[in-house]
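Subject: A structure for you to explore

Hello,

Here is the structure I promised to pass on to you. Have a look around it first, and then read my notes below.

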Amino acid sequence: MDHALNWLRAFVPQRNTVPRHERMRSVAGALIGLLLTAGLSMHLLGTATLPLAPQLPLIAPMGASAVLLFCVPASPLAQPWSVIGGNTISALVGIACAKAIGNPLLAAPLAGSLAILVMFLLRCLHPPSGAVALTTVLGGPAVHAAGFGFAFVPVCLNSALIVLVALVFNNLTGRRYPHTQQSMLNNVHATRDPVPTARIGFTKEDLDAALARYGQVLDISRDDLEEILLETEAQAYGRRFGVVTCGAIMSKDAVTVRPGMPLPDAWTLLRRHALHALPVLDKAGHVVGVVGQNDFLHHLGLDDYQTLGERLRGVVGHLFSMRGERPAKVVEIMHRQVQTVAVDDPIAELVPLMSNRGLHHIPVVDARGIFAGVVSQSDLLAALFEGKLMDTA
């Protein structure tokens, strides 16, 4: 009886944990994506007559592609090559099957299965592409008359346009797209040692072995799964040993600079306070950048990591004795991409950031995004050491 109930429960959808604002973002994205794809296709093609929809050059599987692009843009199945390559290649496979086999009852299943095989081989698996393959077989005389051209207009055209819209929309609304892989377990110091958390926790090899044993397609990237597991470890740590927040261990009397501060003054602050980096704040107190010793060294040409363009400009300036004016303000050499944490974040979240990414100082912000302090590796080490002493007392 219990087994039967558990089997029936499998048909009940799981609880939706997606926040309301994310649902609305996805709905708006799908609306804008499909609307612009249809409008741009019509504008580019003019009065051209297309199979299936002479008045609206938009194929039906684009609706399914929109679900992936705007609801789960981090999915491997929603990346640009998966969408454009999967749809176009599946259309070509379907057309070939339709031409080779006159019976749609045989051609349609063969087109769908072969499309999946080719997508696996070319690493562009995209679920709506299966519908594209069937469309080329079952679309009727108009699609068949278009021949292989149907794979490019409208299939490839629609796919490229909706990916372009997704690229702009997702990034404007805070979603990284294309979703590049950013492993938290890569050693930033370029040595063969595993990152600190992997020396006592799981390693990349452990995760790869577990995925190999799982042996199924996952609708999540490997690195996203890795990050979720690291977050789970941090959550479990907080549950076992109590939650200490970043606000509790941060330095509140932190040394900061403004974007317009002269570089000599910023350097003086770094040296006087024996710091590696300084948060850069705007007038409202928001963190707009970080300037550190490496930025000064790079600016002066004293490191080995100048780009080719910077080296060429230096050579030309030396040959013609024309050195351009050096930047005089902090804003011109600071890093604008800053990792911050919230006052209420548990300190467990600092561990992978500092140990794996090599961050020494992280700005702390309050609920309004206003700078509240700085937490350093020394602060974290002292908090973990104090917590360990309390556990053993």
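Two strands count as paired if DSSP finds at least two bridges between them. Please keep in mind that this is a predicted model.

Let's begin with the sheet. Three strands make up an open sheet, in the order S3-S4-S5, and their pairing is mixed. S3 and strand S5 (371-376) are the edge strands, each pairing on one side only. Strands of a sheet pair through backbone hydrogen bonds, and this can be parallel or antiparallel. Strand S4 (residues 361-365) and S5 run antiparallel, joined by five bridges.

Next, find methionine 334. It sits in the loop between helix H15 (308-319) and strand S3 (341-342). Is methionine 334 buried or exposed? Its relative accessible area is 9%, and buried means under 20%, so methionine 334 is buried. Leaving aside residues up to four places away in sequence, methionine 334 touches Val280, Val288, Gly289, Val290 and Val291. Methionine 334 and glycine 289 are 45 residues apart in sequence, yet their C-alpha atoms are 5.9 Å apart in space.

Trp81, Leu110, Leu114, Leu117, Leu121 and Leu122 make a nonpolar patch of about 560 Å². Helix H5 (residues 104-122) gives the largest share of this patch, five residues. Tryptophan 81 lies in helix H4 (residues 80-100), and with a relative accessibility of 46% it counts as partly exposed.

Enjoy exploring!

Best wishes

How values were computed: Residues numbered from 1 in each chain as written. Predicted model: local features only at pLDDT ≥ 70, side-chain atom pairs only at ≥ 80, totals over all residues. Heavy atoms only, no water. Helix = DSSP H or I, 4+ residues; strand = E, 2+ residues; numbered from the N terminus. Buried < 20%, exposed > 50% of the residue type's maximum accessible area, 1.4 Å probe, protein only. Contact = heavy atoms within 4.5 Å. Patch = residues over 30% accessible without salt bridge, like charges linked within 9 Å, V, L, I, M, F, W, Y side chains within 5 Å. Areas by Shrake-Rupley, 256 points an atom, 1.4 Å probe, with all protein chains shown as cover. Salt bridge = Lys/Arg side-chain N within 4 Å of Asp/Glu carboxyl O.
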